[in-house]
Amino acid sequence: MAEKRPKFKDSKYADAKGKFKELNCNDLANFMIKSRKGNKKAIVGSLNQQIVFSRKKNPAYARKMKCARNKAMKKLG
């Protein structure tokens, strides 16, 4: 079962430097679009990773990441 656990992957994009925690849902979506240059796959991958690794320890943070993912997807079409 341990083999199926996801592994944390570092992004090739610039470090967010705490922006994931301090920005609200909409601002985080805008930051992700800008910093990932509109790359949907990179945005969704980053936010999904945050959701998976924090859904049990910090459910409120995971909900915020889901919100940011949904907003970013809506803005990108």
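Asn-26 lies in helix H2. Helices here are DSSP runs of H or I with at least four residues, strands are E runs of at least two, and both are numbered from the N terminus. This is a predicted model, in which local features need pLDDT of at least 70, side-chain atom pairs count only at pLDDT 80 or more, and totals for chains, interfaces and linings use all residues. Residues are numbered from 1 along each chain as its sequence is written, and side-chain values use heavy atoms, with hydrogens and water left out.

Stay with Asn-26. Asn-26 is partly exposed, at a relative accessible area of 32%. The scale is simple: buried is under 20% relative accessible area, exposed is over 50%, and partly exposed is in between, with a 1.4 Å probe and protein chains only. Leaving out residues up to four places away in sequence, Asn-26 touches Lys-71 and Lys-75. Contact means heavy atoms within 4.5 Å. Asn-26 and Asn-70 are 44 residues apart in sequence, yet their C-alpha atoms are 9.6 Å apart in space.

Now the whole chain. Its secondary structure comes to four helices and zero strands. From the N terminus, the order is α-α-α-α. Of the 77 residues, 31% count as buried. Take the contacts between residues at least 6 apart in sequence: 59% of them join residues at least 24 apart.

Helix H1 holds Phe-20. Phe-20 counts as buried because its relative accessibility is 11%. What does Phe-20 contact beyond its neighbours within four places in sequence? The partners are Leu-28, Met-32, Leu-47, Gln-50, Tyr-61, Lys-64 and Met-65. For Met-65, the separation from Phe-20 is 45 residues in sequence and 8.2 Å in space, C-alpha to C-alpha.

Back to H2. At its start, a side-chain oxygen of Asn-24 comes to within 3.2 Å of the backbone nitrogen of Asn-26. A polar contact is a pair of N or O atoms within 3.5 Å; within protein, one must be able to donate a hydrogen and the other to accept it, and residues adjacent in sequence count only if both atoms are side-chain atoms. Cys-25, Leu-28, Ala-29, Phe-31, Met-32 and Ile-33 are the buried residues of H2. Their cover includes H1, H3 and H4. An α-helix has 3.6 residues a turn, so residues three or four places apart point the same way.

Next comes the loop between H2 and H3, where Lys-37 lies. Phi of Lys-37 is near 55 degrees, a positive value in a residue other than glycine. Most residues other than glycine have a negative phi. Lys-37 is exposed, with a relative accessible area of 71%.

Asn-39 then caps the N-terminal end of H3, with a side-chain oxygen 3.2 Å from the backbone nitrogen of Lys-41. Which residues of H3 are buried? They are Ala-42, Ile-43, Ser-46, Leu-47, Gln-49, Gln-50, Ile-51 and Ser-54. These pack against H1 (19–22), H2 (25–35) and H4 (59–76).

One last stop is the second largest pocket, with a volume of about 180 Å³. On a 1 Å grid over the protein atoms alone, a pocket is an open set of points where a 1.4 Å probe fits, with protein on both sides within 12 Å along at least five of seven lines; lining residues have an atom within 4 Å of a point. Grid points are joined across faces, edges and corners, and the volume is the space filled by probe spheres set on them. Pro-6, Val-52, Phe-53, Ser-54, Arg-55, Lys-56 and Lys-57 form the lining.
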